[in-house]
Amino acid sequence: MYQQEESIYNLIPREEVKAQKQKRHLSKFKGMVTDEDKSNKAAYKTMGPAKVPIQTTDQYLKKHEKEPQLPQKSEFKYSDAERKKPPVPAKEEKPVMGLRTTKNFITTNAVENIMSVPKNPEHIYVDTKKGDKHTLDQSGLAPKYVNKKDFGKTPMYLSKRKDEIKRAQEEYDAYVSENFRRGAMKLLSESERQLILDGLKTNWEELHHQYQGLSVVTDTAPKKNRKERMEAEMKQLESDIETIEKHPYIYIAN
């Protein structure tokens, strides 16, 4: 039978039915585990008895009880032996002289100063207006290197490098001469070299003029590709022009 949510029959008190709980599970090994746990324990088995006796309730901590107990203050006095000073000698008493010498210190000092070698003046420099002095020898400002034996001579590694460059140039000249003899290469004349250089510069100027006429905004792929292609061609022309200007002699293989 269909029953609505709100009904007058719901006002009738009903007896509350309590759900029965399931019986609690008890392990059959519970008693054995409890006995084993109690059998391995004994009083003071692990830690031992307390070494500090427990105080009673009337022996509680009182004020200043843990502060160190200092001895009673007593007045300090110097002993008479320490404070007693030797008496002042009388007017008639004369000090006891030790060994006497016949050395004339004035003459000796004069002779030592006459025979001594004068000291060399210390090399210093002043770097402030207040007169701060510094040692010149340790500063690196003194030209010490000019006093060396090998000063002004060409180092060995430079002479060796010069010989290697000379030998490499001789080998290259021999290689070029051999190819000329066989007719494998020829030297580009100055007029031909200048003609090629002028042609490269003309091509660069024309390409640069076209590059200047490109759109400032490269919002499409064709515009971007054309700009990158023209920049690569201009860079290659600049490299070729620099190479020809740098080398006055150019050989062409047949």
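I count two residues as in contact when heavy atoms lie within 4.5 Å. The model I am reading is a predicted one.

**Entry 1: L237 and its surroundings**

I started at L237 and left aside its neighbours within four places in sequence. The contacts that remain are L200, N203, W204 and L207. L237 is itself one of the buried residues of α6, along with M230, M234, I241 and I244. I noted that an α-helix has 3.6 residues a turn, so residues three or four places apart point the same way.

**Entry 2: helices α5 and α6**

I checked the length of α6, which runs over residues 221-246. Its 26 residues should span 38 Å at 1.5 Å a residue, and the end C-alpha atoms are 38 Å apart, so the two agree. I did the same for α5, where 23 residues should span 33 Å. The end C-alpha atoms of α5 are 33 Å apart, which agrees.

What covers the buried residues of α6? I found that the cover includes α5, residues 190-212.

**Entry 3: the core**

I looked up the largest nonpolar core and found nine residues in it. They are L197, L200, L207, L214, M230, M234, L237, I241 and I244. Two or more residues each come from α5 and α6. Helix α6 gives the largest share, five residues. For background, nonpolar side chains tend to be buried together in soluble globular proteins.

**Entry 4: R193**

Is R193 buried or exposed? I read a relative accessible area of 10% for R193; the cut-off for buried is under 20%, so R193 is buried. R193 is in helix α5. Neighbours within four places aside, R193 is in contact with L188, I244, E245, H247, P248 and I250. Of these, I244 is also listed in the largest nonpolar core.

**Entry 5: aromatic rings**

How many aromatic pairs does a search of the whole structure find? I got two. In one, the rings of F76 and Y78 have centres 5.2 Å apart and planes at 75°, so I logged the pair as edge-to-face. In the other, Y145 and F151 have ring centres 5.8 Å apart, with planes at 75°, and this pair is edge-to-face as well.

I then looked up accessibility for these rings. F76 is exposed, at 64% relative accessibility. Y145 is partly exposed at 47%, and F151 is partly exposed at 42%.

I also noted a charge over a ring. The charged end of K62 sits over the ring of Y60, 4.5 Å from the ring centre.

**Entry 6: two loop residues**

I found H64 in the loop between α1 (30-39) and α2. H64 is not a glycine, yet its phi is positive, about 60°. I set that beside the general rule that most residues other than glycine have a negative phi. H64 is partly exposed, with a relative accessible area of 47%.

Where is T101? I placed T101 in the loop between α2 (80-83) and α3 (105-115). The relative accessible area of T101 is 56%, and exposed means over 50%, so T101 is exposed. The T101 side chain reaches the backbone nitrogen of K103 at 3.2 Å.

Conventions:
Residues numbered from 1 in each chain as written. Predicted model: local features only at pLDDT ≥ 70, side-chain atom pairs only at ≥ 80, totals over all residues. Heavy atoms only, no water. Helix = DSSP H or I, 4+ residues; strand = E, 2+ residues; numbered from the N terminus. Expected span 1.5 Å × (residues − 1). Buried < 20%, exposed > 50% of the residue type's maximum accessible area, 1.4 Å probe, protein only. Core = buried A, V, L, I, M, F, W, Y, C linked by side-chain atoms within 4.5 Å. Polar contact = N/O pair within 3.5 Å; in protein donor to acceptor, adjacent residues only side chain to side chain. Phe/Tyr/Trp six-rings, centres within 6.5 Å; stacked < 30°, edge-to-face > 60°. Lys NZ or Arg CZ within 6 Å of the ring centre and 35° of its normal.
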